[in-house]
Amino acid sequence: MGQLRAGEFDRFVAARWSMLLHLARLLTGGDRHRAEDLLQEALVKLWFVWPKVGEQAPEAYVRKVLARAAARSARRRWWGEYPVEQLPDPPESADATAAVDERTRLEAMLALLPARQRTAVVLRYYQDLPERQVAEVLGCPVGTARSLTARGVARLRLLLSDAVEPVE
């Protein structure tokens, strides 16, 4: 967009900002933050169509965009935030050595599985491959890969429950 048109857009926004924000607040039931978000969304849309709309009726365009965005926003059940009186306690820092110990223990237990079960479990859960791809890598039907994975996980659970040691 040329400098002249960008200047026109800036002047329009500066002249109409408070009136448009007031309209947005009315449309959102008085929620200033949602109103600012809606107005920002509307102005971004206006920016992209400014060469077509700027000389005709930019205010009408923004009003229409605001009304539609407010209606869409009102249909949403959740906006992603809930105001609270007090902030929650920050999470406790995780003990890195405990995580390393747990991972080492899991690797040791994985080594006790038969090779095909270990391969199926690692491909399915560590590499996050779908069952079909695990079967392709193992060179077996999908049902066999599923069975190998289930048996491997069951065996791992048993091994891990038998080898429970307090980590210090």
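Helix H3 holds 18 residues, which at 1.5 Å a residue should span 26 Å; its end C-alpha atoms lie 26 Å apart, in agreement. The expected span is 1.5 Å times one less than the number of residues. Helices are DSSP runs (H or I, at least four residues), numbered from the N terminus. The model is predicted: local features need pLDDT of at least 70, side-chain atom pairs count only at pLDDT 80 or more, and totals for chains, interfaces and linings use all residues. Residues are numbered from 1 along each chain as its sequence is written, and side-chain values use heavy atoms, without hydrogens and water.

The largest nonpolar core has 20 residues. Such a core is a set of buried Ala, Val, Leu, Ile, Met, Phe, Trp, Tyr and Cys residues joined through side-chain atoms within 4.5 Å. Helices H1 (3-27), H2 (32-53) and H3 (58-75) each supply at least two of its residues. H2 gives the largest share, 9 residues. Leu46 touches (heavy atoms within 4.5 Å) Phe9, Phe12, Val53, Pro58, Tyr61 and Val62, not counting residues up to four places away in sequence. A second, separate core of 8 residues includes Ala120, Leu123, Val134 and Ala145.

Definitions and conventions:
Buried means under 20% relative accessible area, exposed over 50%, partly exposed in between (1.4 Å probe, protein chains only).
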